[in-house]
Structures are given as C-alpha cells and as structure tokens.
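Trainee: I would like to go through this model and test each label against its cut-off. Where do we start?
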Amino acid sequence: MVRFQLLATGSLFGAAFGVPQTSHVPIYKNPSYTAARRADDLLGRMTWIEKIGQLGGARRLFERADNQLVFNETALKILLEDQNGQIGFGANLNYAQQILPLANEIRENQINNTRLGIPFITVQDTASSIWINGGTLFPGTCSMGATWNVPLYRDVVAAIRDENLALGIKWVLSPEVDLARDPRNGRNGEMYGEDAYHVGEFASEYIRTNQEKDEHGYVKVATTIKHFVYGSSSGGINTASIEAGINHIFNTMAAPFIKAFREADPMSLMTSYASVDQVPMSTNKYLVRTVLRGMMGFKGLIMSDAYAIRNMYTQSKVATSYADAALQALRAGLEHELNPASPGSGSPATFPTLLDSINNTEVAEMIDDAVRSMLIIKFKTGTFDLPLPSVAALNQTLRSQRHLEISRKASDEAVVLMKNDGILPLSQKATPKVAVLGPYADVVNSGSYSTNNASEHTYGKSIMRSLKSKLGEDSVQYVQGVQVLSISDDVSGIPAAVAAAKDAGLAVVVLGSGWSSYDTTLESRYKTDGEGFSHPDISFPGKQQELLDAVLDAGVPTVLVISGSQQFLLNNSTMRCEAIVNALFQGEFTGDAVADIIFGDVNPSGKLTMTFPQAQGAFPINYDYFGSDSQGGFSSSVRADWFWPILTRYAPMRFGFGLSYTTFDFSSQTLALSDDAKVSESGSATGSVSMTVNVKNTGDRAGKEVVQLYYRPAYSQGVEVPVMKLIRFTKIELATGESKDVTLTVPINELGYYVDTKWRVNSGLYEFWVGSSSRTEDLVQRNITLA
C-alpha cells in the first residue's frame, strides 16, 4: 500500500483490456437510441468476462491513514479485472477536492483504455450529506422524518443530489424504508420512523427528487430503495433473522416499498441481510422473484447488501462455498453484488466465481438479464454520454449558501419538544448563567453514514458551543461529567457537574447515544449506536443516567437535551426534568437550532416518528398495534397489558407528538364522500373521502402545526388491522390568531389492506381521527359509512 501522490495519465488498466474500438459508432454509443436498445446492442458485443465484471465493482477506491489519503493501485487493478461495473470513493473522511481529480483519472482510463469503453458508474451511500468530507451536513434521516415537512425534505434531497452530481455520483444507496419498530435496533437513525405511510411519503419524495431528469433527459441520480425485507430482526441485531408472514410483509414491512414502486419508480433495490421465514434474502427466490418481481411489479435492478451473499456460506451455512452462494443468489434473482471490502483485504466477492459457469446456458441467460439491468441504469443516467465533473463546478456546488440555508431551516424543524413544564422558552436577560453538562454537549452527533467526525467540529457547532455563542463565553460553564463510553464506570466527574449546576441555577444536560465517526479507533471507544451497534439496554449508555439523577436530586431546574436516534427509556426520574428537547441526529446547524429553541428565537415544530417505550421490555410499542395486542388480562377488571410494571400498549410519548410554544385549536371537523364513492363486492373501490378541519393558532406567537389524519375500518375481513393508521398529513404555518381550513383527501381504494397478497377494501363503517398527534387527547373522531 502506498500514499497516493499522482496517477500518471493512462497508467491504469489499459493493458488489462486492450484498446478502444475506433471503427463506426455503434448503437450503444448513440444517445438517440433508447437505453434498452443501447443495452441490448452492447450486451451482444460483450465477452463473458466483461459481463461478469458488470456484476460487481470496487466500492473503496481510496482509504485514509495517518490523516492522509491512501491508494492501493496494485490491489485495485487486480480487483477491477473482474469487478468493474461500479466504483465508490471509500474512506469517507477523505475530502471531495482531493478525490475528484484522482477519481476522474480512473474514470477516464476505464473509458479510453478498455475494449468497449464501458464506464464505471459511481455509487455511494448517502443519507445526510455526500459520503465524503467537504459537503453540506444536513440533519439525519430520522431527524428529517421528524420535520413532517415533505416539501422541505425535497429541498434537502435536491441539495444533496446536486452535491453528489458535482462528484460524478450517479447512483445512491438510499432511501432506507425499513420501519423503526424495535428500540434495540442500532440503525433506527437511518430510518424515517415507525409508520409505513409516513415513511413511504418521505421515501417517494427522495426517489422522485433524485431521479428528476436533467435538461438532456437523463436521470440525475439513480436511487436504491432498501432493505427488502428488514427492520424487525431478532433481538434488534443487524443481520439477524426475521419472523414475518406474507400478510405482515405486504401490509406493514413492504408497504413503503409498494407505495414507492407505484409513485416514484426507484431504479434499483437492495435486499436485506436477514433470513425471512428461515430463508436468507440472498437466496429467497419466492420473495424476490415471485413476490417482489411478480406480485409487487418491481422492474429495476436488484442488488445484495454488503457481504450478504458471502454470508450464506460463512454465516447462515446454506451454501457450501462462495461459488454455491453466488449461484443461489443469481437464481434467486439478485443481479448485482455489493462488496465494500478494500482491495487486497481478503474478503472476496462471490459473483466473480460465476466465470466458471461459462457453459451453463441457464446461468448465461440470468447473467445477461443482470448485465442488461446494470447497463440500462448507466444509459439512463447519462454515464456513457455526459462529461466528467470538474473541480471548478464542485467548488461552486459544495456548501453553497443556498444549501447551508436549507440545512439551517431543516435543523429548526427537526427538533422535537417532548416536555415543557413552562420553563421554556428561557429569557436571555433573566438567564445570566447556565451549566451545560453531559458527554454529548460538545460533539456534533450526526449518526451513521455521515461524514462528520463528532469531536472535531469540522461542520457546525456543538450544542454547548452554540449556547456559548448565544450567551457569551462567561455565561456558560461546561462540565462533561461522565464519559461517552458505554462500559465506563467512572463517575468522578459528577460532583463537579452538580456543583456547576448549583452555581448556575440552571442545567442543560445533553445525553444520548451514537457518535458519528468512521475512524475505527474512535468508533471502538465511543460508538454506542448505528449499524452493528444494537442495544438490549435502552437506557442512556454508561453512567449518563447517574449524572442526570445527581443534578435533579440537587434540585436544579433542568432541561434535558437528547442527542441521537435511540428511543430511550425515559424513566420516572428522568421525567422530573422541567423540559425535554429531542435533537435526534444533528446537522451542522442543529446546535444553533437547539439554542434558539431553548431561548425562544425558534418555535419548535418537530414531531416524534418513533414511540418511546416506558420500560425495558415494553416493546414493540409502535402506535399502530393490533386490538389483540392490548388485551393482557383475562377480564375487564384487569386493565394492563404488561405487569411489573403495570403498563398498557398506549405509550404517552407516542408517534406524531411534539409540543410548541403556541397553541392550536382544531374545530369544525367534517367528513364527506365524493359523489362517485363506492365499494364493489369484489373489494375494489372508486371515489374519495375528505376530512376538512379548521386549525387556529390561539397562542401568542407564530407557529407550525402538523395536521394528521388516521383511520381504520370498524371491522376487517380475513386479517386483523391496526387500531389506527396514519393516512394523510400536512404541515402548516399560522400567525397569531390566524386560522385555516385544511382538507385532507384520500382515495377510498387506499383504505384497504392485503389478504394473502390480494388488496381489498371493505364496505361498512369507518372511523377517522384528525388532530395534532396519535394521542387520544389530541384527536377528534368522525365516522362515515362506505356502501
């Protein structure tokens, strides 16, 4: 391995593939033909080895060591001989301005010095930013879900898309549409929330915005909807198995996928690591070919998750070799292998073993189909036709003023006020001093798949530093109190933290979980949440609870700020806090947003998208449970679902809930059917139902409110349906005293459910609720009968 200095033009890969064709211009190089026609033409010209090469790629062009970009030219050249469909930039702490010139050399060599000139397509993970240093850092996916503002999210996605395009990234491994229903899952921060409709709305907008056409008619950035099927793995463990029947898959787990297929047409899909009903998804021919392709109608490319095909041999033991795993995956319907291993790492991809199947006509046909899918993405995104990006355009695009402004606006709306006993907003004049405590107070905790190194303050200010900027250095006393490390028993810093709180007379305690760094040293020391970091204890990691309890026991008024995506156990002691602010996963302006919310310069408008459990074992706790889930006792005198402690499924810190500094009144609710509303005996439907409600700001300041519409059929047939489900929402802004009529219209055909993969809509009585959250006290019910 060598430190990367300079690539000599033409030095890479030319000898491996010969010289480019120079005769007539073939169809595949002619943009006037359709992508499918060009793909078929090119496919007919490719050798067996060239076809196999399109089934994989080199995800990690560059590494980083000793704070320098590192390039292993020899290992990469070997890797690209049989895995050359796509490339990725690798270590995400490298900088965009460093990478682009080097990546362009590699791209140019592939185009100019290979037999057919088939370009790489650049693929990257992307959630809250480009996945290398130098871009704008937005709040995390869970935070964007908490805005409940899809038009704002469109602006965020467009900004990230344009920054990706400036690097030549034409394909992203998002959106993740898994449902965050297990608080132990370390990946909840990558998810929008627990509700299928809400997730589907955000994910569909993500896909549409990325896949907009440019002025030449090319798709700007192809998307990858993922992970089919995932989100409820055993024990909350990342690659663990899932118990799911076909009705649960169709009605819940796959519902956001189905919505996105119909409304946004994602160009690719990633299957999950999981074994579903004991069958690993990488070999699950029934779910991939019969269900996903056949019943759900997905037409795009299907890829594996990282290492998932290999895992059939090394982990699940359902394959006898890497070659056997590759054949099983191909037959199941997978068309591309995602292998993020570094060149020379000793972690091989499996699809190159398909080279040995050259005389197998069945395999050859499936490989042709897979390569065709890959080539169509390349043609549709202009990868063959558009020029490579320039450093000048990169510098104009990354961290533009508009992108920074969008990030700030998103941060303001992504913070959730979960409790307020009247202490907030604080007055700057009446707050001469504040103690800022806790291990997450001086980090920017942006979560997994962000490029921020949490403790280095490259992007934005921490919550503590934002408070210092607002109040002045001398008005903020910072004491960390305890370590981030979850296994640390060191409590020696707690007395100093309590003393600071007493001296100030007010404490802002920032606790959480996460740590946004891919520096493996820091990751092993500090990371407590994220992919591969599930947590059976859903309390604050380490001694954070002891720190908070000590401050509260001292009688100091306390504002708790939660940092991270985890649904923490907010026990009775924690609920003594006068206020609880949930910052979720931070963007570079979240610290400023939290400071402005605490002091009233921003009115909070975020809403929870994940219900918070009330005990360690009190989950699943999602708001849309079944009626049979809330019948723990055997008689009407037994009113609890769980005992020791006595709890019900109904948790108060639930989906859709979030406080404001103003108040809103919902009145004049009317529910009406369109003239053509009808449900047939076969279970199909026409027409629509509309809920109209007047919303008035009855408080003393302007604010934003989310109008939420829930429903359920009074009775279902064939399957049990949840006690309520979200079906529409919209976010509105009202000045003091202003009112607005809001109408939410739903096609009646959307009010149905799947029974053994068949969609049906009931006639009969339907219950609808409209309000500001899924809490009973925040809703008004109206009923209507469908005939």
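**Labels and their cut-offs**

Mentor: Start with Pro119, in the loop between helix H5 (96-112) and strand S6 (121-124). Keep in mind that this is a predicted model.

Trainee: Why is Pro119 called buried?

Mentor: Its relative accessible area is 3%. Buried means under 20%. Pro119 therefore counts as buried.

Trainee: Which residues does Pro119 contact, leaving aside its neighbours within four places in sequence?

Mentor: Gly85, Gln110, Ile111, Lys378, Thr383 and Phe384. Lys378 is 259 residues away along the chain, yet the two C-alpha atoms are separated by 8.2 Å.

Trainee: What makes Asn339 a buried residue?

Mentor: Asn339 has a relative accessible area of 6%. The cut-off is under 20%, so the label buried applies. Asn339 lies in the loop between H13 and H14.

Trainee: What does Asn339 touch, not counting residues up to four places away in sequence?

Mentor: Gly57, Arg59, Gln83, Tyr307, Ser347, Pro348 and Ala349. Gly57 is 282 residues apart from Asn339 along the chain, with 7.3 Å between their C-alpha atoms.

Trainee: Which residues of helix H13 (residues 322-332) are buried?

Mentor: Ala325, Ala326, Gln328, Ala329, Leu330 and Ala332. Their cover includes helix H11 (285-295), helix H12 (308-314) and helix H14 (361-380). Just after H13 comes Gly333, with a positive phi of about 120°.

Trainee: Which residues make the contact between H7 and H8?

Mentor: H7 brings Val150, Tyr153, Arg154, Val157, Ala158 and Arg161. H8 brings Glu201, Phe202, Glu205, Tyr206, Thr209 and Asn210. By class, that contact has six nonpolar, two polar and four charged residues.

Trainee: Why is Arg399 partly exposed rather than buried?

Mentor: Its relative accessibility is 29%. Buried means under 20% and exposed means over 50%. The Arg399 value falls in between, so partly exposed is the label. Arg399 sits in the loop between helix H15 (391-397) and H16. Its phi is near 55°, a positive value in a residue other than glycine.

Trainee: And Thr757: buried or partly exposed?

Mentor: Buried, at 17% relative accessibility. The limit is 20%, and Thr757 is under it. Thr757 is in the loop between strand S26 (753-755) and strand S27 (758-760). Thr757 is not a glycine, yet has a positive phi of about 75°.

Trainee: Where are there cis peptide bonds?

Mentor: One joins Ser174 and Pro175, with omega about 15°. Pro175 is found in the loop between strand S7 (169-172) and H8. Another joins Phe228 and Val229, with omega about 0°. Val229 lies in the loop between strand S8 (224-228) and helix H9 (246-253).

Trainee: How do you know that Cys142 and Cys577 are buried?

Mentor: Cys142 has 1% relative accessibility, and Cys577 has a relative accessible area of 0%. Both values are under 20%, so both residues are buried.

Trainee: How many disulfides are there?

Mentor: A search of the whole structure finds zero. A disulfide needs two cysteine sulfur atoms within 2.5 Å.

Key
Residues are numbered from 1 along each chain as its sequence is written. This is a predicted model: local features need pLDDT of at least 70, side-chain atom pairs count only at pLDDT 80 or more; totals for chains, interfaces and linings use all residues. Side-chain values use heavy atoms; hydrogens and water are left out. Contact means heavy atoms within 4.5 Å. Helices (H or I, at least four residues) and strands (E, at least two) are DSSP runs, numbered from the N terminus. Ala, Val, Leu, Ile, Met, Phe, Trp, Tyr, Cys and Pro count as nonpolar, Asp, Glu, Lys and Arg as charged, and the others, Gly among them, as polar. Buried means under 20% relative accessible area, exposed over 50%, partly exposed in between (1.4 Å probe, protein chains only).
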